[in-house]
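Here are my notes on the model you sent over. Have the structure open while you read, and go through the points in order.

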Amino acid sequence: MFCGNCGSETNSNAVACLKCGAAPRVGRAFCQNCGQENKNASAIVCVSCGASLTGGVASGSDMIQPGNPPRDPVLMGILSGCCLVGLGQMILGQVPKGIVLLICAIGFGIITSGFGAPIFLILAGVDAYMIANKLKSGRPVSSWEFF
Amino acid sequence: MGVLLRRWIELAAIVGGVAYLAFVPALPSVPTCAYRVLTSMPCPTCGTTRGLFALLHGDVRLAMQSNPLSFLVPLIVLRRGFVLTTYGTRCSALFNHQAIDRTLMASFFAIALLHYLFVALPAAIR
């Protein structure tokens, strides 16, 4: 495959392009299938080979597409595991899931008199980290996808 | 939203946050941890804001006492700032590896949990 940001050939499992450092499945400046430069910013298919410029991935209405630049997985993990449970998920686009996580964390925290804090914080942090990692590698995620 | 605008907004948020903590004379007495407000128990990351404030004002000892995460968070924020400023160039890939991500995340939770179990929790129960 080719990097969607700079057009250089890259490994299909790579999370970052060796030439430009961007997530290879995120950009639409170059076709990821044939490497042809895309001069039309609003084009959704490559004029050279006809492949989808979004990497041929599903783009359903409930799917969250990778951003450019991608969110930092570590920061998202920390926001969910440190500042507010579910905040990382909300920033990544999983707003209902983030709100549910927050409500569950508060409920669990009150029931356990605060002792349950580490469990929920770590779970929410790891979840936000892994979801951000999926988006960083160019894979879309659904609104309720976990880990 | 454009790529450049998103980068600038995130960079501005980072610089603004650091500048606020560095130049404000004292932290406001508003509680920042929702968990502590609701349960009156500290969470594993309680004290990080105070620690960052102390660190930015040169008080390394107080930063360590508040929460050792105060030393890790600046590294994470600095790395993100570097990745954002060099995004799209070769330099960006220097610190943008999954191995670094995993190490930072694992260190963060390990420090948070150890501090909670051996420092924050015993102090709260006493």
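1. Start with chain B. Reading along its sequence, you get the pattern α-α-α-α-α-α. In other words, the secondary structure of chain B comes to six helices and zero strands. Keep in mind that this is a predicted model.

2. Next, the overall build of chain B. Its C-alpha atoms fill a box of roughly 55 × 35 × 30 Å along the principal axes. Chain B has 126 residues, and 29% of them count as buried. Take the contacts in chain B with a separation of 6 or more: 48% of them come from residues 24 or more positions apart.

3. Now look at helix 3 of chain B, residues 48-56. Which of its residues are buried? They are B:Thr48, B:Gly51, B:Leu52, B:Phe53, B:Ala54 and B:Leu55. Within chain B, these buried residues pack against helix 1 (3-23), helix 4 (60-66) and helix 5, and they also pack against helix 1 of chain A. After helix 3 of chain B comes B:Gly58, with a positive phi near 85°.

4. Helix 5 (residues 69-85) and helix 6 (residues 98-125) of chain B are worth a look as a pair: their axes come within 10 Å and cross at roughly 160°. An angle over 145 degrees counts as roughly antiparallel, so that is how helix 5 of chain B runs relative to helix 6 of chain B. The crossing of these two helices is left-handed. On the helix 5 side the contact is made by B:Leu69, B:Leu72 and B:Ile76, and on the helix 6 side by B:Leu104, B:Ser107, B:Phe108, B:Ile111 and B:Ala112. Sorted by class, that contact has seven nonpolar residues, one polar and no charged ones.

5. Helix 6 of chain B also meets the other chain. The axis of helix 1 (residues 73-83) of chain A comes within 9 Å of the axis of helix 6 of chain B, and the two cross at roughly 20°. Helix 1 of chain A and helix 6 of chain B are therefore roughly parallel to each other, and their crossing is right-handed. From chain A, the meeting residues are A:Pro73, A:Val74, A:Gly77, A:Ile78 and A:Gly81; from chain B, they are B:Asp101, B:Leu104, B:Met105, B:Phe108 and B:Phe109.

6. Zoom out to the whole interface. How many residues of each chain are in contact with the other? It's 31 from chain A and 31 from chain B. On the chain A side, helix 1, helix 3 and helix 4 each supply at least two residues. Helix 1 of chain A gives the largest share of that side, seven residues. By class, the chain A side has 20 nonpolar, nine polar and two charged residues.

7. Last, the cores. The largest nonpolar core has 42 residues, and A:Val85 and A:Ala128 have the most contacts inside it. The largest share, eight residues, comes from helix 4 of chain A. Leaving out residues up to four places away in sequence, A:Ala128 touches A:Met76, A:Gly77, A:Leu79, A:Ser80, A:Gly88, A:Gln89 and A:Leu92. Another core, of eleven residues, lies apart from the largest one, and includes A:Ala23, A:Val26, A:Cys46 and A:Leu53.

Terms used:
Residues numbered from 1 in each chain as written. Chains lettered and ligands numbered in written order. Predicted model: local features only at pLDDT ≥ 70, side-chain atom pairs only at ≥ 80, totals over all residues. Axes fitted to C-alpha atoms, helices over the stretch in contact; angles between N-to-C directions. Helix = DSSP H or I, 4+ residues; strand = E, 2+ residues; numbered from the N terminus. Parallel < 35°, antiparallel > 145°, perpendicular 65-115°, else oblique. Left-handed = near helix turned anticlockwise from the far one by under 90°. Contact = placed C-beta atoms within 7 Å. Nonpolar A, V, L, I, M, F, W, Y, C, P; charged D, E, K, R; others polar. Core = buried A, V, L, I, M, F, W, Y, C linked by C-beta atoms within 7 Å. Buried ≥ 20, exposed ≤ 12 C-beta atoms within 10 Å, placed from the backbone.
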